[in-house]
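Here is a short tour of one model, with the sequence and structure to hand.

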Amino acid sequence: MKANFQTKLKRVSRTGLFNFWRNGTVSLASVLIMMVTLVVIGFILFGSAILNTSLTELRSKVDINVTFIPNAQESDILHIKKSLESLPEVSLVTYVSREQSLEAFKQRHADDQSILAALGELNDNPLGAVLNVKAKDPSQYGSVADYLQGQNILSANNLTIVDHINYYQNKTAIDKLIKIINTAHTLGFAITLAFIALSLLVSFNTVRLTIYMSKEEIGVMRLVGASTTYIQGPFVVVGVIYGLVAGLLTLILFLPITYWLGQTTQNFFIGLNLFSYYLVHFPQIFIIIVGSGVLLGAVSSFLAIRRYLRV
Amino acid sequence: MIFFDKVSKVYPDSSVALEDVTFSIEPKEFVSIVGQSGAGKTTLLKMFLAEEKPTKGRVFYESIDVHSLHKQDINKFRQRVGMIFQDFRLLPDRTVYENIAFTMEAAGRSDEEIEADVPHVLDLVGLADKVWNFPHELSGGEKQRVAIARAIVNNPDIIIADEPTGNLDPVNTHDIVQILKRINDLGTTVILTTHNKGVIDSLGKRVIAMDKGRIIRDDKEGKYFS
């Protein structure tokens, strides 16, 4: 009577499980090394989440103010506001009236009596109304500013009602910020790739070493006529178990780590609590971490053992 | 049954392991191959098991050229040969039972057969009480018996024993040789390599003597010459 496929699968899995258990020290070492890889992958996940949140935050902090001359008509300004809102690059336009500008100015200089006194000397409110414009992307402020420059025709009595646009004063700062954001993205991506490649190599080599130790065993199996799949199977199973165990341990390890980092990141990176991010995205992170572990273990074993199967 | 046809093996560093070796072995024969280390005994066995390819000549097993076999067929072929080594080569992480069961599993035998046959062969080699021990818990003689049990469990056509007594004391050597003799009496071809004079003299079977890769003597009822 011949053993069927199911029996073979059962034997391969059982042998793999036994090997994992009996080579306790080697298994522990491999699991730990693999955990390093998975922790790196995890940190990269968290890192990119932090980076993205802070970049979004930074982007939303960039805006331009269009200041109008004090005697500009409110209706004209609202007209400009409307036309700005119709631009595809613009995400939000806020109107700040002359009175609100004055309030804000007074508040900003509440400690400076001389300025407040000077302000009191004037009969009229010297400040103009302001339109605060936020673009969808910082790189689009240039075209928004240019558009406003072209809007001069709209002004009453052929006089420009726009006093100044602070984009031109902040241009260098905004350009710099755009550069930083782009660099951060590219750099983050490059570092991610480098780290993942490095840690993959380390894990792969560890699995290879454990198989190297079984080199002679593999030779013996060959000589008693075991087929390639039958020899390879248990090693791949062990690799999968390494990945599975390492993945689960990594996920558990992330609980205290993210909890501990959570408060810090929340204060530092404007509102992103790493711990709650971890909990909310747990299903995706689970799949990525455990999946990478299992894949890494299986592929490493599969590739590593091929070398010793040539007898 | 086995036929070596003008087989030569030259390694890449141009050292000659075998030179123009021709001989045949009939079914149920007990053949000892003797010679000093480096005489080519182990190379000869490797040629037969298709572990290494000859530089010249061909090796036949029942009219099949073993070096023309495909990988899968080589596995099938090896399952018909039982191997015993000087250094035992048991799987260190598996119990005595599992070591023997592995060979049967590799041959695709069913669980029922394995459960029935493993205790049976262990009984044959006198190790019924060591079923659940690991190799490192056994003495040299015991390990070699496990190796013999492993070699015979699939009812092979041929047993190849490469210096099986090289690491054993005289008492165990005697026991192992007796077991091999019994296996041969039951109808299995046995090929034994050794440089133990006492073993050869006590057997009184065919002896092939080798030196520097050549066969220098082939006696029907040989004694050990050196």
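## Confidence

What is the mean pLDDT of chain B, and what share of its residues reach 70 or more? The mean is 90, and 98% of the residues in chain B get to 70 or more; pLDDT is the predictor's confidence in each residue, from 0 to 100. Within chain B, helix H7 (residues 197–203) has the lowest confidence, with a mean of 86, while E4(B) has the highest, at 94. For the complex, the predictor reports an ipTM of 0.73 and a pTM of 0.70.

This is a predicted model, in which local features need pLDDT of at least 70, side-chain atom pairs count only at pLDDT 80 or more, and totals for chains, interfaces and linings use all residues. Residues are numbered from 1 along each chain as its sequence is written, and chains are lettered from A and ligands numbered from 1 in the order in which they are written.

## The sheet in chain B

Chain B has an open, antiparallel sheet of 4 strands, ordered E2-E1-E4-E5. Its edge strands, E2 (16–25) and E5 (64–65), each pair on one side only. Helices (H or I, at least four residues) and strands (E, at least two) are DSSP runs, numbered from the N terminus, and two strands pair if DSSP finds at least two bridges between them.

Strand E4 (residues 56–61) of chain B is joined to E5(B) by 2 bridges, and B:Tyr61 stands opposite B:Ile64 in E5(B).

## Where chain B touches chain A

On chain B, 19 residues are in contact with 19 residues of chain A (C-beta atoms, placed from the backbone, within 7 Å). Helices H2 (71–79), H3 (96–106) and H4 (111–124) of chain B each supply at least two residues of that side, and H2(B) gives the most, with 4 residues.

Methods. Two residues are in contact if their C-beta atoms, placed from the backbone, lie within 7 Å.
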